[in-house]
Amino acid sequence: MGSDGYVPLFETKKVKGSVIYKLFAVSIFVGICLILVYRYIHIPREGEGGRWAWVGLFVAELWFSLFWVCTQAVRWNRVYRCTFKDRLSQRYDEVEFPRVDVFVCTADPTIEPPILVINTVLSVLAYDYPAEKLSVYLSDDAGSNITFYALLEASHFAKEWIPYCKKFRVEPRSPEAYFLSISDPNDVNEAKEFEAIKKLYEDMENRIKRATKIGRPTEEQRSKHKGFSQWDSYSSIRDHDTILQILIDGRDGKARDIEGCSLPTLVYLAREKKPQHPHNFKAGAMNALIRVSGKISNGKIIHNVDCDMYSNNSKSVRDALCFFMDEEKGQEVAFVQFSESFQNVTKNEIYGSSFRVAIEVEFHGMDGNGGPQYIGTGCFHRRDTLCGRKFDKECTSTWYKENDPESEESLHELEAKWKVLASCTYEENTQWGNEIGLKYGCSVEDVITGLSIQCKGWKSVYFNPERKAFLGLAPITMPQTLVQHKRWSEGNFLILLSKYSPAWYALGKISFALQLGYLKYSLWAPSCFAALYYCIIPSLYLLKDVSLFPQYWSLWFIPFAYVISAKYSYSLVEFLWSGGTILGWWNEQRIWLYTRTSSYLFGFIDAILKSAGFNDEAFVITAKVAEEDVSERYQKETLEFGASSPMFTIITTLAVLNFFCFFGLVVMKITMDAAGVRYLDRMALQILLCVVMVLINWPLYQALFFRQDKGKMPGSLTLQSIGFALLACACFVYLQ
Ligand SMILES: O=c1ccn([C@@H]2O[C@H](COP(=O)(O)OP(=O)(O)O[C@H]3O[C@H](CO)[C@@H](O)[C@H](O)[C@H]3O)[C@@H](O)[C@H]2O)c(=O)[nH]1
Ligand SMILES: [Mn+2]
C-alpha cells in the first residue's frame with residue numbers, strides 16, 4: 001500500500017537475472033563485431049576467386065547483425081504483470097463498471113464453420129460480468145444466413161447455458177471445449193444437469209451442421225425469425241445490403257434467461273458489400289462494428305476476438321479492468337493485449353505456430369519498453385482511443401458515467417435506422433480507416449493501428465496469465481503456414497514504408513527500444529535476401545573449392561564458433577524455458593528457413609508492388625477446418641504439402657541444391673581425394689552449414705521422394721526441383 005492509502009489493482013514485476021543476460025548479450029555482440037571485422041579486412045582482392053561472394057556474405061552478416069540488435073531490444077527490459085481482481089470488486093460496485101462491447105469477426109462459413117463461431121460467441125456471452133453491461137456483436141463478412149441461423153440458435157441456447165455456467169462455475173465457457181474437457185461430473189445433481197445441457201447442445205449442433213451441409217437453413221427454420229427475410233435481396237458475398245439484427249436486446253427487461261436473470265445484448269451484423277466498393281477486410285468490419293455498437297450499447301471498452309478464439313477464462317474482462325481502472329496508472333493505458341495461444345498445437349509443433357518465445361519472452365520485452373503491439377485478437381481497447389483520441393494527462397475518465405444511447409424507438413425502427421452506419425458509402429469523405437478506427441490498406445491492420453495509438457502518447461499492456469485467456473486455431477498445413485507468414489511479413493513491411501513507419505514516424509514518439517521491437521517485425525520481409533544468400537552461395541562454393549569462412553586453426557574461427565554456439569544454445573534454452581521440446585525447437589528452425597526463403601520473398605515483392613500502386617490488397621483467410629486425413633497427418637506430425645505452389649518450388653529447389661552440393665562433391669572429395677582431410681579443415685564451417693541444411697530438410701526429402709500419401713509434395717515439384725538445382729549447380733561450376 002502506498003503512503004496515501006492507494007492500493008494498486010495490478011502489479012508490474014521486472015524480470016530477474018537481467019544483468020547476467022545483458023553480459024551474455026554483450027559477449028555475443030563483441031563476437032558479431034569481430035566477425036564483421038574479419039569479413040571486412042579479408043575481402044578478396046580484385047581478380048581473386050570468391051570476391052563477390054565474400055562481399056555478399058558481408059552484407060548478409062551485417063543484415064543479420066542489425067536484426068539481432070532488434071531481437072535484443074525485446075529482451076532487455078522484460079516485465080511481467082499480475083492483477084488483483086478481488087481488490088477490483090472490493091473497490092467498485094458492479095454498477096460502476098463500464099459497459100463492454102465484444103466484437104467477434106467471421107468471414108467465410110466454409111472455412112470458419114458456424115458451429116465454431118457460435119462457440120466463441122457463447123464463451124464471451126457467458127463472461128463473468130454484469131449482463132446489462134455486456135454486449136456481443138458478430139460481424140459476418142460473408143453475410144451467410146447459416147451463420148445467422150447458428151447465432152439465432154445460440155441466442156436460445158444462451159438462456160440455458162449462461163445460468164448453467166454460473167451455477168457450476170464452468171470453465172472454459174465455450175460449450176464444445178467444456179464438453180471435451182469433462183467426461184462426467186461427480187455430483188449426482190450436477191451430472192443430471194450436465195447430461196441435460198449436453199443433450200441440448202448436441203441437438204443444436206446437429207441442426208446447425210445439417211443446415212451447413214445443405215447450404216441453407218430449412219424453410220421451417222427460416223419461418224421462425226423475421227430476420228431471414230433480409231436475405232431476399234441477397235445476391236452474393238460481395239454484393240448484398242446491410243443486415244442488422246438485434247437477437248437479444250439487453251435493454252429490454254424481457255430478455256431473461258431461464259432463471260430470470262437478464263441477458264447480455266447479442267447482435268448480428270453483415271455490413272453492406274458492393275463489388276465496386278473496397279471493403280477493407282477485417283479493418284472495415286471492425287470499423288462498421290465500432291459505429292453500430294456506438295448506437296446500440298456504446299461500451300467504453302471494446303474487446304475483440306477472432307471467430308476461432310474462444311475465451312478460456314470467464315474472468316478476463318475483470319483482469320482487463322484492473323489495468324484500465326487503476327487510479328494511478330490506468331489513465332495512460334490505451335489497450336490491454338492478452339497473449340494469443342492455440343488449442344491445436346501438437347507437442348513438437350511442426351509448423352512452429354505456437355509462437356512460444358514471442359508469447360513468453362518477446363511480448364514481455366515490448367511491454368517493458370512501452371507496450372506490446374495490438375495483434376488483432378484477445379485485446380481490450382478504450383473506445384475513444386480506437387476512435388483517434390490523443391493522450392492527455394489532464395483527462396481523467398469516469399468509467400461508469402455512460403452516455404446512454406437513445407432508446408425510445410422500437411427495435412425494428414432502430415435496426416432500420418442504424419443500418420446506414422454499415423453501408424459502403426458511409427465512410428466516403430470521412431477519416432474512418434485513417435485517423436478514426438482501424439487503419440486500412442495494410443494486411444496487419446492491427447499492428448499499424450496499435451502503433452499509431454502508441455504514437456499518440458498512449459501505453460499498452462501485455463497480460464499473459466498462467467491459465468491462457470484465449471485459445472485459437474493455428475494453421476495445420478504448410479501452404480496455410482506459408483501464406484499466413486506472407487501476409488504478416490508483407491503487412492509489417494508495408495508499415496515500414498507507410499506514413500506510420502516505426503523507423504521515422506515513431507521517432508521521438510515511442511521509446512527507441514520499442515521502435516526496434518517494431519522493426520524486428522517490419523524487417524521480416526527484406527530478411528529473405530540474406531537468408532536466401534546464406535543458404536545458397538556457401539554451399540555452391542563448396543563445389544568450387546573456395547573457402548568463405550576462417551579455417552578452424554585460425555583465431556578468427558573463435559568468434560564464429562562462439563556466436564553460432566552461444567546464439568543457438570541460448571535460443572534452445574529459451575524455447576525449452578517457454579515450455580517447448582527439443583524437437584519442437586528443431587522444427588521451428590525449419591519453419592524459420594522456409595518462411596524466410598519463400599513467404600518473406602513473396603511478401604517483399606507484393607509489398608513493393610502494392611506501395612507502387614500495382615497490386616490490390618488481399619487478405620487470405622486462414623482455414624479453421626481440414627479434411628480428416630489432413631488432420632490425422634497433422635496429429636502424427638507429418639508435414640502436409642498437397643498442391644504445388646511457387647513457394648514450394650523455392651524451398652524444394654533449395655533443399656535439393658544443398659543435397660547435391662553435399663552429396664555429389666563433398667562426399668566424393670573426402671572419400672576419394674587424398675587431400676580430403678585437409679579439405680575438411682579448410683571448409684569446416686561451410687560444410688557444417690551445408691550439412692545442417694541437409695539435415696533440416698530431411699522431412700522435405702521424404703515428402704519429395706519417399707512418401708505416398710496425399711500430403712506429399714506433388715510429383716511435378718520433384719522433377720522441377722531436381723531440374724532447377726542441377727541447372728544452378730551446372731551453371732555455377734561451368735559458366736563462372
Ligand atoms: O475480410 C475479412 C477477412 C478476415 N476477417 C476475420 O479476421 C480474423 C482473422 O483472420 P485469420 O484468417 O484467422 O487470420 P490469422 O492470420 O489467423 O490472424 C492473425 O493476423 C491477422 C492480421 O494479419 C489479425 O487480424 C488476426 O487478429 C490475427 O489473429 C478472422 O476472424 C476472420 O474471420 C474478416 O472479418 N474479414
Ligand atoms: Mn486465425
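## Helix 17 and helix 19

Helix 17 and helix 19 cross in a left-handed manner, a term used when the near helix is turned anticlockwise from the far one by less than a right angle (right-handed if clockwise). This is a predicted model, in which local features need pLDDT of at least 70, side-chain atom pairs count only at pLDDT 80 or more, and totals for chains, interfaces and linings use all residues. Residues are numbered from 1 along each chain as its sequence is written, while chains are lettered from A and ligands numbered from 1 in the order in which they are written.

Helices (H or I, at least four residues) and strands (E, at least two) are DSSP runs, numbered from the N terminus. Axes are lines fitted to C-alpha atoms, for helices over the stretch in contact, and angles run from 0 to 180 degrees between N-to-C directions.

## Helix 1 and helix 18

Helix 1 (residues 18-41) packs against helix 18 (residues 557-577) at an angle of about 140°, with the axes 9 Å apart. Helix 1 is therefore oblique to helix 18. Their crossing is left-handed.

From helix 1, the contact takes I28, G31, I32, L34 and I35; from helix 18, it takes P559, F560, Y562, V563, A566 and K567. Residues are in contact if their C-beta atoms, placed from the backbone, lie within 7 Å. By class, these residues are nine nonpolar, one polar and one charged. Here Ala, Val, Leu, Ile, Met, Phe, Trp, Tyr, Cys and Pro count as nonpolar, Asp, Glu, Lys and Arg as charged, and the others, Gly among them, as polar.

## Two domains

The protein is divided into domain 1 (14-73 + 510-735) and domain 2 (83-340 + 375-474), with bounds from an automatic or database domain assignment. Taken over C-alpha atoms, their centres are 41 Å apart. Eight residues of domain 1 and 15 residues of domain 2 form the contact.

An open sheet of three strands has the order 8-13-10, with mixed pairing. Strand 8 (310-311) and strand 10 (341-342) stand at the edges, each with a single partner strand, so one side of each lacks a neighbour in the sheet.

Strand 10 pairs with strand 13 (residues 470-472) in the parallel sense over two bridges; strands pair if DSSP finds at least two bridges between them. F342 stands opposite G472 in strand 13.

Definitions and conventions. Angles under 35 degrees count as roughly parallel, over 145 as roughly antiparallel, 65 to 115 as roughly perpendicular and the rest as oblique. Two residues are in contact if their C-beta atoms, placed from the backbone, lie within 7 Å.
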